[in-house]
Amino acid sequence: MQLTKLSYLDDFSLMQDEAIVLQVIQENNTIIILDHTIFYPQGGGQPYDKGIIENNNGKFIVEEVRFVDGIVKHIGKFEYGTFNVNDKVKCLIDKDRRELHSRLHSAGHVIDMAIDELKLGWIPGKAYHFPEGPYVEYSGNLENIDKEKLKTDIENLSNKFVNEAIETKPIFMDKAKMKEVCRHVPDFLPEGKPSRVVMYGKFGVPCGGTHVTNLKNIKQIIIRKIKQEKTNIRVSYDIER
Ligand SMILES: [Zn+2]
């Protein structure tokens, strides 16, 4: 089976696109496989997109999107009709849902920019950018740190970056180059093969998610809580909704 080309890696601002149907699979739900897709499958702490795939033959409601072994599965049901293999279809993303997810996700990276600039020496770990209780985690230590002051400092600096209206841009580069522009390059990324980095101005983020095109779109970041959990520090945050 042909791997799905992930169009959102090249341009995460695309909310509408045309694609070719490769397969229509009937299980409990219906699964549509396309040659390329703008739909974001769940992963990297970011929820999947929803939306519509349609042409003259049918209208498909995308309820869930998953990435399995290089193939994106658009899962849902037909409101009417069906597609034939090789049909050209129009893909439309639920814009409000995607925008909220991109803003929440980018806010997590902006908080990381602030933490980097504050030279706290924390090492980035897990991130969770779902609308319910988003947070970013680090390995580090909060001992002898004034948490209230730190909370204010991270929040103020994060919002300074937002207000500077810094633009973001996806670039493909190999691991050696990534180490020059990113503060943290995860070990699992392949050597010698280009991976995507999203530049937040000069700050490189190795990440496959969807992002705002300009940090001003985040509007405002609120740091809710900073908490030590064993060897991890969890920074819980939110954005203006
Ligand atoms: Zn990310």
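1. Starting from one residue: please bear in mind that this is a predicted model. Val-235 is a handy place to begin. Leaving aside neighbours within four places in sequence, Val-235 is in contact with Ile-111, Tyr-135, Val-136, Ile-154, Ile-223 and Ile-226.

2. The open sheet: four strands in the order β9-β10-β15-β14 make up an open sheet with antiparallel pairing. The edge positions go to β9 (123–128) and β14, each of which has a single partner strand, so one side of each has no neighbour in the sheet. On average, and ignoring direction, neighbouring strands here are turned by 20 degrees against each other.

3. Inside that sheet: β10 and β15 run antiparallel and are joined by five bridges. If you want a pair to look at, Val-136 stands opposite Val-235 in β15. Helix α2 packs on this sheet and touches β9, β10, β14 and β15, with its direction making about 130 degrees with that of β15. Helix α3 packs on the sheet too, touching β14 and β15, and its direction makes about 140 degrees with that of β14.

4. The barrel: six strands close into a barrel that runs β2-β3-β7-β6-β5-β8, again with antiparallel pairing. Strand β2 (residues 16–26) pairs with strand β8 (residues 88–93) in the antiparallel sense over five bridges. Glu-18 is found opposite Lys-90 in β8.

5. A loop residue to check: is Ile-38 buried or exposed? Ile-38 sits in the loop between β4 (36–37) and β5 (51–55). It counts as buried because 26 other C-beta atoms lie within 10 Å. Not counting residues up to four places away in sequence, Ile-38 touches Ser-7, Tyr-8, Leu-14, Asp-17, Cys-91 and Ile-93.

6. The two domains: the protein is divided into domain 1 (5–93) and domain 2 (98–239). Their centres, taken over C-alpha atoms, are separated by 29 Å. Across the boundary, 13 residues of domain 1 are in contact with 16 residues of domain 2. On the side of domain 1 that touches domain 2, helix α1 (residues 7–10) supplies the largest share, three residues.

7. The whole protein: the secondary structure comes to four helices and 15 strands. The radius of gyration is 19 Å, close to the 18 Å that the globule rule gives for 241 residues, so the protein is as compact as a globular protein of that length. Along the principal axes, the C-alpha atoms fill a box of roughly 65 × 40 × 35 Å. Buried residues account for 33% of the 241 residues. Of the contacts between residues at least 6 apart in sequence, 63% join residues at least 24 apart.

Note on methods: Residues are numbered from 1 along each chain as its sequence is written. This is a predicted model: local features need pLDDT of at least 70, side-chain atom pairs count only at pLDDT 80 or more; totals for chains, interfaces and linings use all residues. Two residues are in contact if their C-beta atoms, placed from the backbone, lie within 7 Å. Helices (H or I, at least four residues) and strands (E, at least two) are DSSP runs, numbered from the N terminus. A residue is buried if 20 or more other C-beta atoms lie within 10 Å of its own, exposed if 12 or fewer, and partly exposed in between; C-beta atoms are placed from the backbone. Two strands pair if DSSP finds at least two bridges between them. The radius of gyration is taken over C-alpha atoms; the globule rule is 2.2 Å times the number of residues to the power 0.38. Domain bounds come from an automatic or database domain assignment. Axes are lines fitted to C-alpha atoms, for helices over the stretch in contact, and angles run from 0 to 180 degrees between N-to-C directions.
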